[in-house]
Amino acid sequence: MRIDKHPILSFPKKEPIPFIFEGQHVVGYKGDTIASALHALGVTTLSYSIKKDRPRGFYCAIGNCASCNMMVNGVPNVRTCITPLVAGMIIERQTDKGVIR
Amino acid sequence: MKHHELIIIGGGPSGLCAAKMAAEAGIDVLIIDRSPELGGQLIKQTHKFFGSKAQYAKTRGFDIAKILIDQVIHHPHITILKEATVVGLYPDRVVTVYQHETYTRYQADRIIVATGASEKFLAFENNDLPGIYGAGAVQTLMNLYGVLPGQEIIMVGSGNIGLIVSYQLLQAGVHVKGIVEAAPTIGGYKVHASKIRRLGVPIWTSTTVQRAMGKDHLEAVELIDLDAKWQPLLGTERIMSLDALCISVGLSPMHQLLSMVNAKTKYINELGGFVPIIDDHHQTTVKGIYACGDAVGIEEASSAMMEGYLTGLYVATDMQRPHPDSDALKEKYDYELDMLRNGPFGIKTKIGLEKLRKDDIHAQ
Amino acid sequence: MLNKTGIPTKDQVLSRFPDRKVLIKPKAILECYEDIPCNPCSTSCPFDAIEIGENINKQPQLHADLCTGCAVCVPSCPGLAIVIAQIKGDRAVFKIPYEFLPMPEKGQIWDGINRSGEIICDALIEQVAISSKTDHTAVVTVSVPVDYLYDFVTVRVRL
């Protein structure tokens, strides 16, 4: 859910950025990171833990905790919370330590 | 291998202030930051800051960031690398950087580690559920990206960050059901607490989170009261439904890079945990490598700025290239820093710094 | 109590109010009850009516005789701890800081809120001032029945 009006900040409508998440065509906006765009779409599970398959979302948002690691354009373990969203990115959840395909 | 006289790792308030001083002394500076934007955590701060004029009191955090960034981006002696993560630090002052899938090595004459701090975590059952965020993450989502973290939230921690972020959540239109605080008293400034109480948000002291519940996402938490010895009081459990929990239980200095060069650290509770041992010039136990800001002790951004200025000045002096106004500025920033630490909230820091000074180990 | 709940005691609040006779003119009420390093209220006052001194940790003191109720201090306080109060007959008129949406509008009746966040009375919005100088903090002039002089602190929109 995106904030429309805010008493201190302004969030003007920005240029949409199309990308693909788990095979679905979706849209983020200029200025988004991958994680923030997914969150705005209601996707809060970004990965599953390696051993117990527990859903993980993002926790720290500044690239420290590795909770947000996802596969981006085939490259695993990308810290989506600090990676800017680029048009055409293919985003997938990882369920393993990350294999370069 | 590229060379810079001074490499500053971290472009937050203390790194930016250090860069300004060093550059004004004529030193060639490289600032490296892993984020897409400089300014550290300041860029997410929508509230007006405390302190005095020297710390830009009554200016909103993100505006202070703009001022500090403005001072460096156009400076001819300062080069900036963004979205660049320092992956290696070496005792001969080589810094290795990973940026956009490229690995580059830099040689520096002096290094300042100004990498800030990271959120502490709280241990309870199911604390890894999506919907449980650090306070910084909530601020980032709301204030940088304009995305709501949830609709019904509980804040854990009544320090300044917990109180301020609760207020910011309310401004963004999120319902803050309450603030949970394990201690018997509120941790942060009472003016922040008063603002929250006016808005009808309860602060539950001597309370903690026992566990979180939910299938793929947070759905509820179980709160429990604590007795005078901070032990859970059985029978006081209650369940509250929510879709987001914000953990704001303190920060930990983030100086892991320094362990790559075996800089000595010391555990000092009052400063937030393990901190690098630094001398009066902010030099670590590794010659030529300095540290400042939250990475050496958790305080406010106002202190980080003053420490940054001082460290920049000291590095310049140590390089035999003192800033033209070195003595006057050192005196000014020393005075400001002391003033910031002079009240009851500064006592903890002062005790911590005393402990740090005790068995001083200077650089070899 | 303040340390546990964030709500000052009645005595603490009263200590910040000048005598009722003095409040015939608008005066600043500085509800800063803790020593923290901060002084923009003092440096912002065009009439030097707020004194903190060299040690910026000291709580501000109001020189009521110098205070004109101009309200420059209201948006300057990072803790939003300052309001202007005035007694006008059977009404208490306040200037309060406000940083939420929706913004109040002149003529509206909103809920009058006390320091515990409880609704205590009707509050009439008389004026809303916001400018680049106040940096997104609106200064809202609001009046309530004078009985609530020491209880009223802010307004809340009626849904």
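A crossing of two helices is left-handed if the near helix is turned anticlockwise from the far one by less than a right angle. Helix 4 of chain B passes helix 5 of chain B in such a left-handed crossing. The model discussed here is predicted.

**Helix 4 and helix 5 of chain B**

- Two packed helices are described by the angle between their axes and the distance between the axes.
- For helix 4 (residues 160-171) and helix 5 (residues 190-198) of chain B, the axes cross at roughly 35° and come within 9 Å.
- On the side of helix 4 of chain B, the residues in contact are B:Asn160, B:Leu163, B:Ile164, B:Ser166 and B:Tyr167.
- Their partners in helix 5 of chain B are B:His192, B:Ala193, B:Lys195 and B:Ile196.
- Sorted by class, this contact of helix 4 with helix 5 of chain B holds five nonpolar residues, three polar residues and one charged residue.

**Helix 3 and helix 4 of chain B**

- Helix 3 (residues 135-144) of chain B packs against helix 4 of chain B at an angle of about 25°, and the two axes are 10 Å apart.
- Because angles under 35 degrees count as roughly parallel, helix 3 and helix 4 of chain B are roughly parallel to each other.
- Helix 3 of chain B also passes helix 4 of chain B in a left-handed crossing.
- Helix 3 of chain B contributes B:Ala135, B:Val138, B:Gln139, B:Met142 and B:Asn143 to the contact.
- Helix 4 of chain B contributes B:Ile161, B:Gly162, B:Val165, B:Gln168 and B:Leu169.
- The contact of helix 3 with helix 4 of chain B comprises six nonpolar and four polar residues, with no charged residues.

**Chain B against chain A**

- Chain B and chain A each place 27 residues in their contact.
- On the side of chain B that touches chain A, at least two residues come from each of strand 7 (117-119), strand 8 (132-134) and helix 3 of chain B.
- Helix 3 of chain B gives the most to this side, with six residues.
- The side of chain B that touches chain A has 12 nonpolar, 11 polar and four charged residues.

**Chain C against chain B**

- This contact takes 33 residues from chain C and 34 residues from chain B.
- Helix 1 (2-5), helix 3 (40-44) and strand 9 (152-156) of chain C each supply at least two residues of the side that touches chain B.
- The largest share of that side, four residues, comes from helix 1 of chain C.
- The side of chain C that touches chain B divides into 15 nonpolar, 12 polar and six charged residues.

Notes
Residues numbered from 1 in each chain as written. Chains lettered and ligands numbered in written order. Predicted model: local features only at pLDDT ≥ 70, side-chain atom pairs only at ≥ 80, totals over all residues. Contact = placed C-beta atoms within 7 Å. Nonpolar A, V, L, I, M, F, W, Y, C, P; charged D, E, K, R; others polar. Axes fitted to C-alpha atoms, helices over the stretch in contact; angles between N-to-C directions. Parallel < 35°, antiparallel > 145°, perpendicular 65-115°, else oblique.
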